[in-house]
Amino acid sequence: ANGVGGSSFCIRGMEWFLGREKDFPEKADVIFVLGGYNDAFNPTNCIPGDADTPGTVTGDIELLFDCFDEKYPDADVFVIIPYKIIVGDVVWKLANQENLEKINGIVRERASAHGYYIIDLYDSGFLDITDGTCREDYYSDSIHLSDAGYTLLGDMIVAEALRLKTGSWDG
């Protein structure tokens with residue numbers, strides 16, 4: 001299994017996803033992509049735009065998904081809508097929350113247009129950090145998961161990917 005990290009769909013000053021294309025493996029059967037947090041924290045760098053306009057959230061997501069389609073036409077692509085987080089011990093400032101919801105909507109729309117599978121953790125309540133027990137057990141701070149949290153996240157993503165791919169919880 002090869003993984004390539006990324007920090008953003010569209011913030012060019014960071015290691016944005018498509019900026020790491022050179023690190024993408026030559027072949028991939030399955031692709032998982034999760035993003036949106038850093039984009040929501042930097043709204044001045046992320047203008048919604050349209051699918052034909054690079055440098056916008058929509059345009060850069062479209063470029064990334066087009067890259068997947070071109071490089072890996074037979075791969076199963078699973079787009080993961082991120083779970084809610086807290087910043088500075090206060091539930092996201094309204095502006096950041098609204099930005100993340102906008103970005104999530106764009107990601108859902110573009111993923112659907114490409115026929116990708118969508119694993120929606122945002123609307124599911126999965127890893128709800130406002131739940132004190134969940135926060136204590138699965139987070140190392142108000143944003144990042146602990147080892148146990150990342151294990152749970154990985155297990156959830158694999159289980160949901162199997163369910164989406166097979167149409168069954170039995171795999």
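Of the 171 residues in this protein, 42% count as buried. What I am showing is a predicted model, so please keep that in mind throughout.

First, the layout. The protein has 5 helices and 5 strands. Starting at the N terminus, the order of elements is β-α-α-β-β-β-α-β-α-α. Now take the contacts with a separation of 6 or more: 67% of them are between residues 24 or more positions apart.

Next, the interior. In soluble globular proteins, nonpolar side chains tend to be buried together. Here the largest nonpolar core has 44 residues, and the members that touch the most others are Leu64, Phe65, Phe68 and Tyr83. Two or more residues come from each of strand E1 (30-34), H1, helix H2 (57-71), strand E2 (76-81), helix H3 (94-113) and H5. Which element gives the most to this core? That is H2, with 6 residues.

Let me stay with Phe65 for a moment. Leaving out residues up to four places away in sequence, Phe65 touches Val33, Val79, Val107, Arg110, Ala111, His114 and Tyr116.

That brings me to the aromatic rings. The count comes to 7 aromatic pairs, and I will go through two of them. In one, the ring centres of Phe32 and Phe78 are 5.2 Å apart with the planes at 20 degrees; the cut-off for stacking is under 30 degrees, so this pair is stacked. Phe32 sits in strand E1 and Phe78 in strand E2, 46 residues apart, and the pair links distant parts of the chain.

Now for the empty space. Rolling a probe the size of a water molecule over the atoms shows where such space is left. I will describe the second largest pocket, which has a volume of about 470 Å³. It is lined by 19 residues, and the closest to its centre are Leu34, Tyr37, Tyr83, Tyr150 and Leu153. Tyr83 has come up already, as one of the core residues that touch the most other members. The elements giving two or more residues to this lining are helix H1 (37-41) and helix H5 (147-166). Of the elements, H5 gives the most, with 5 residues. What is the lining made of? The residues divide into 10 nonpolar, 8 polar and 1 charged.

One last residue, from the start of the chain. Ser7 lies in the segment before E1. With a relative accessibility of 22%, Ser7 counts as partly exposed; the cut-off for buried is under 20%. Where does the chain bring Ser7 and Asn38? Their C-alpha atoms are separated by 6.5 Å, although the two residues are 31 apart along the chain.

Terms used: Residues numbered from 1 in each chain as written. Predicted model: local features only at pLDDT ≥ 70, side-chain atom pairs only at ≥ 80, totals over all residues. Heavy atoms only, no water. 1 Å grid on protein atoms, 1.4 Å probe; cavity = no way out; pocket = protein on both sides within 12 Å on 5 of 7 lines; lining within 4 Å. Points joined across faces, edges and corners; volume = space filled by probe spheres on them. Helix = DSSP H or I, 4+ residues; strand = E, 2+ residues; numbered from the N terminus. Nonpolar A, V, L, I, M, F, W, Y, C, P; charged D, E, K, R; others polar. Core = buried A, V, L, I, M, F, W, Y, C linked by side-chain atoms within 4.5 Å. Buried < 20%, exposed > 50% of the residue type's maximum accessible area, 1.4 Å probe, protein only. Contact = heavy atoms within 4.5 Å. Phe/Tyr/Trp six-rings, centres within 6.5 Å; stacked < 30°, edge-to-face > 60°.
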